[in-house]
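Biologist: I'm new to this one. Could you put it on screen and talk me through it?

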Amino acid sequence: MTRRAVVIGAGHYLPERIVENAEFEATLDTSDEWIRSRSGIERRHFAAEGETTSQMATRAAQAALKSAGRTADDVDAIVLATSTADLTFPSAATMVQSQLGMTSGFAFDVQAVCAGFVYALANANALIASGQADRVLVIGAETFSRIMDWTDRSTCVLFGDGAGAVLLEAQDGTGSSDDRGILATDLNSDGRYRDLLYVDGGVATQNTGHLRMQGNQVFRHAVEKLAATAHTALDRAGVAADDVDWIVPHQANIRIIQGTAKKMGLPMDKVVVTVQDHGNTSAASIPLALSVGVERGQIKPGDLLVTEAIGGGLAWGAVVLRW
Ligand code: UT7
């Protein structure tokens, strides 16, 4: 018998305000055509004034609990992937814990930027496999609109806000790749590339700072590293790329998504794509895509999924799971 971390619910939250590409034409030397053709992004959501990452995370968590038919009392742990926590500390996860009315269990943040949700899933899986927890809420939530330099056209048109969540539950499996749940994970980082994508503020500068990115450099690393990490995780799970029903990638750029699918030998009709509607929501992009993929009727119980992401660090990784 193998203890598996099985997804039993998914949910998401997107802030009300939708900003179309054309809105940026008023203040920046850019165009809907440039943004659409270079990134695949058409629109994104921005949080309302005063709306925080933990509030959005709580809404997504509530939706995931509802879809699982569980309550916050059933949750042992919260693992929240974010790089835009409300405050330097405490963690956004503990804020979610209190907003959900939980007075037991434990909660912590994982900070691996756009790879955050993959890292969070791997950590939650380890908590379940070790017997530390039976049910874990895994959330990705971001308010990147708060760290944009609105004068930098090469970054501010790319990102959006939002939150997604899944509820993992310990279930007994046989140990084969036919089991539902997380089958394999692969995590990587390489701090030599930290200058390619970073925020130029924090505790050291005593201000929040703004996102800085050498986009074309990150792009170059992305396709190669994403296909490699996906293959490693698939090998570890004992499945072939051909067995995959859905790639659920980090949603940064449609050209990266297409390039990775091609390198994996899989057609685009096996890829869940939400980048056009959400932009790059960093750690929130994969759980948003999972929840939207279920809502659209794409992802069904028993489907074999591979998720993959890369971002600041550089940090990257992949998770193979059977839904
Ligand atoms: O999620 C974390 C990981 N991040 C990513 O995966 C992002 C990876 N990178 C990308 O998605 C792409 O590199 C971008 C979408 C950021 C940029 O696309 P690109 O094809 O790599 O363009 P580029 O950076 O090489 O820039 C091409 C041109 C430049 O002009 P020149 O130097 O050729 O005259 C830029 O100044 O496009 C210009 N440009 C813009 N033009 C109009 C940059 N941003 C804009 C803009 N509107 N918003």
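This is a predicted model: local features need pLDDT of at least 70, side-chain atom pairs count only at pLDDT 80 or more; totals for chains, interfaces and linings use all residues.

Biologist: Where does the ligand lie relative to domain 1 and domain 2?

Modeller: Domain 1 covers 2-173 and domain 2 covers 181-322, with bounds from an automatic or database domain assignment. Both give residues to the shell around the ligand, so the ligand lies between them.

Biologist: Which residues around the ligand come nearest?

Modeller: A residue counts as near if one of its heavy atoms lies within 4 Å of the molecule. There are 23 residues around the ligand, and the ones that come nearest are Thr30, Arg153, His250, Asn253 and Asn280.

Biologist: Which element gives the largest share of that shell?

Modeller: Helices (H or I, at least four residues) and strands (E, at least two) are DSSP runs, numbered from the N terminus. Among the elements giving two or more residues are helix H1 (32-39), helix H6 (215-237) and strand E12 (304-311). The largest share, 4 residues, comes from H6.

Biologist: How far is the side chain of Asn253 from an oxygen atom of the ligand?

Modeller: I'm looking at polar contacts here, meaning pairs of N or O atoms within 3.5 Å. A backbone N or O atom of Gly215 is 3.0 Å from a ligand nitrogen, and a side-chain N or O atom of Asn216 is 3.3 Å from a ligand oxygen. For the side chain of Asn253, the distance from its N or O atom to a ligand oxygen is 2.7 Å.

Biologist: Which residue has a positive phi although it is not a glycine?

Modeller: Most residues other than glycine have a negative phi. Look in the loop between strand E5 (106-110) and helix H4 (116-129). With a phi of about 50°, the residue is Val113.

Biologist: And what is omega for the cis peptide bond between Phe89 and Pro90?

Modeller: Most peptide bonds are trans. Pro90 lies in the loop between strand E4 (77-81) and helix H3 (92-99). For the cis bond joining Phe89 and Pro90, omega is about 0°.

Definitions and conventions. Residues are numbered from 1 along each chain as its sequence is written. Side-chain values use heavy atoms; hydrogens and water are left out. A polar contact is a pair of N or O atoms within 3.5 Å; within protein, one must be able to donate a hydrogen and the other to accept it, and residues adjacent in sequence count only if both atoms are side-chain atoms.
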